[in-house]
Amino acid sequence: MVVEQRAAKAGAPDELAARLRMLQELSGRGVRALARDTGLSSSSLSRYLGGQTVPPWPAVIALCRLVKRDPRPLRPLWERASNPLPAPPKSSRQVQPPSPPAGAPRPPRNDLPRDMPDFTGREAELTAVLAGVRSSRVVAVDGMAGVGKTCLAVHAAHRLADDYPDAQLYVDLHGFTDGRRPLDPDPALRTLLAALDVPSEKVPQEGGVEQLAACWRSELAHRRAVVVLDNAADADQVRPLLPGAGPSVALITSRNRLLGLDEVPPVSLDVLTPEESAELLVRASGDPRGPDGRLARDPESAAEVLRLCGHLPLALRLAAARLRHRPGWTVGILVERMAEGVDEFDTAFAMSVRQLDRNQRRLFRLLGLLPGSSFDEYVAAALADIPLRSARAMLEDLLDAHLVQQPAAGRYRLHDLVHQHARRACVEQDSPAEQERALGRVLDYYVHAAAAADAAMPFVSPGRAASAGRAPAELPRFTDKNAALGWFVTEYANLMAVFEAAVAAGADAHVCELPRFMRAFFARRCGTTHLNALFERSLAAAERLGDPLQLAEAHSDLGFARYNAGRMPEAGAAYEAAAPLVSRAGDTRSEAELTMRRGYLRWDEGYVEEPLEFFRLAGKLYEKADCPMGAAHAVGYEAWAMLQLGHREEAARLARQALDVPHADPAWPPTLTARITLGVAIAGEEPDEAAEHLRQALELAREDGHKHNEAWCLNCLGVALRTMGRYEEALDSHRQAFALLDELFEEHWKIHFLNGYAETCRLAGLPEEALRLHREALELAPRLGYRYAEVLAHEGIAAVLDRTDPPAAAEHRAAGQAVLEELRPGA
């Protein structure tokens, strides 16, 4: 215990500094502006944020007040940081570090493309990039297309990887990708946060790009990461992606000089020198050095190759690849083939394409139509309507020809210049009808692949199968929910590009269905703001289609997105619009899902009997639709509601009923709710069994990485331990729950836990703390619309005041009863 206390106190200053940096990120201010607005000196503030000095308590209060946060949760941490234990006496005994727990964090993410083994020249530029990183932590590499900006940035990032071991990230911003809009900062930030495995609970759902950027900077502040932001369109696109306080660094590439980033040192690239160009051509072609090499035997033709390639590294590598794979060619033949092209880019590209057979050339051209960035063999097979095995073989041939790049195993991409050439060739050589059919096959693929991945992630009741378009011949196999989640993370940017392509093409059925199959992924990784926007457009598409079931589900899905974003009136209006449409469509499963959602909404609005009826009706509808997961989910929520109303025996019976439904997945969605409910319900009569159920629920939440559910489990464990009379353990469990919420800055979530925590304090002999917590709930509940929590707060205050102020206690009981009467049917 002493060792644990010493460890906690030793780490307290760093932890406090990290929490203060989070406050700075929330403020959106630099150190000088933050110092000015809080009345602190900038030098002192820098020491507080860096952990060199523990600030006085008034300084912590000033920082919290500036961002409208309660400073009280930071007080214990500040006290530990201010009063460190003396160093322990030296001992010859070594304390062994604990073994890593099951489900330990994955190794650091490394998304960097492969470093070019023939990287040539650029010594001065590489030195400038590394020096700029040391001095400014952000460097921008600019230059013309094909000049080697990405190659230099990736090479430098590989050189820096050992010094920045926490993550090496890469994102293509598509600032100059032909046929694509530049990647907006919102999806770029969500992609980067997902790459860092940031749980969805910490990713802001409201506040737009500013809040996402603050979250991103906060995550980088305590990591040593190197981030390559490739192909930026302008300063506005890249500014929100830059790291803030902390050691992480970023390397930007752009065809334009990013004049808006005054603080970022630029490194401008020109074409290679003739000597460097000749060296690269020799190395990339594998041509022997000395008089026996083809290039050495024909120096005039070699010089012409350099001229035709414009001394551009990309064109040189493409030309060199032809020499490497054609040992019978002379350099003169290479020059003849290159001279047939249009310019220094197309000469190399067209020459490479001409070496392909007819089917390979067709696939290459069609790849120019892909709306996404990277792709796999499944997408390529669907695009060209060919077998998967053929697509895999052709992609390998294109890879050998340097027409396709392979940034990671199983993933492919086209360089912007290559993509532009392929797209132009497709427009020239393939009919508009064939182009339309190819794009349609891509849209079909992504809808059906998303549906398959969603079916492997049973976090919500499964809905209808995909009906848009035609299912492709082959889809990826998702062995479990983690594989499906990984696919969504990898394909996220592509899915958003496909959605936009479907909107542009007027493919309304695809626009309706694609967001529906991404709900579970969005709930875990991307928040609700973007999903609201997608479902708004899905609803418009459903209205154009005029299909009653599509329209009903679009209203229901939009309502659920509104509900998760806290937009309760809009959610209610969407559900009201969906109800008659679902009834007319006669789809029982959709009706059951809508009924459950209406129950969630009415319960959170504070109603009691009506949500119970919704949950019971949903259970019957799910049974009628032969959906055991949905039925168990409905019973689990009915049990939870009964528990909140004080009906413990009935809650326990219903929870056991939900747990008894046969299933193979230990993390089956209804399990968490049922185990929590059962654990609290039987804590007084069967304490050992109750503790085991709650322990399993907590393990499930932690394994899932869902911080809100972890806090829910901890709070309910506190309630159960209180029922067992284990007050100190109960208080510790409540405190852990609230510490998680403080970490997430989720003040509104506390309404679910405040009254339970307060009751534990009252029974543990802490009446003042109990009153404070109940009064905090009484203030928060009406503002958030949680009326039943308001009732519980009045009753809790009355229980505390019974001995000291009976008249005031009676007033609170009467007030609670009045609110309860308002919530009854017919009130």
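Tutor: A residue counts as buried under 20% relative accessible area, as exposed over 50% and as partly exposed in between, using a 1.4 Å probe and protein chains only. This is a predicted model, in which local features need pLDDT of at least 70 and side-chain atom pairs count only at pLDDT 80 or more, while totals for chains, interfaces and linings use all residues. Residues are numbered from 1 along each chain as its sequence is written, and side-chain values use heavy atoms, with hydrogens and water left out.

Student: Which helices do the buried residues of α31 pack against?

Tutor: In α31 (residues 648-659), Ala651, Ala652, Leu654, Ala655 and Ala658 are buried. They cover an arc of only 170° (from the directions of the C-beta atoms off the helix axis), which puts them on the same side of α31. With contact meaning heavy atoms within 4.5 Å, their packing partners are α30 (628-644) and α32 (669-681).

Student: Now the aromatic rings. How many degrees lie between the planes of tyrosine 600 and phenylalanine 615?

Tutor: Rings of Phe, Tyr and Trp (its six-membered ring) pair if their centres lie within 6.5 Å; planes under 30 degrees apart are stacked, over 60 edge-to-face and the rest tilted. The whole structure holds 16 aromatic pairs. This one is tilted, with 6.2 Å centre to centre and a plane angle of 50°.

Student: Why does that pair tie together parts of the chain, and how many residues apart are they?

Tutor: Both residues are buried, tyrosine 600 at a relative accessible area of 13% and phenylalanine 615 at 2%. Tyrosine 600 lies in helix α28 (residues 588-604) and phenylalanine 615 in helix α29 (residues 609-624), so the sequence separation bridged by the pair is 15 residues.

Student: In which helix is tyrosine 637, which pairs with phenylalanine 615?

Tutor: The ring centres of phenylalanine 615 and tyrosine 637 are 5.8 Å apart with planes at 45°, so this pair is tilted. Phenylalanine 615 is in α29, and its partner, 22 residues away, is in helix α30.

Student: Over which ring does the charged end of arginine 224 sit?

Tutor: A charge sits over a ring if NZ of Lys or CZ of Arg is within 6 Å of the ring centre and within 35 degrees of the ring normal. Arginine 602 lies over tyrosine 607 at 3.9 Å from the ring centre. For arginine 224, the distance is 4.9 Å, and the ring belongs to tyrosine 164.

Student: How far apart in space are leucine 160 and valine 226?

Tutor: Leucine 160 is in helix α7 (residues 149-160) and is buried, at 8% relative accessible area. Leaving out residues up to four places away in sequence, it touches Leu130, Val133, Val226 and Leu251. Leucine 160 and valine 226 are 66 residues apart in sequence, but their C-alpha to C-alpha distance is 7.4 Å.

Definitions and conventions:
Helices (H or I, at least four residues) and strands (E, at least two) are DSSP runs, numbered from the N terminus.
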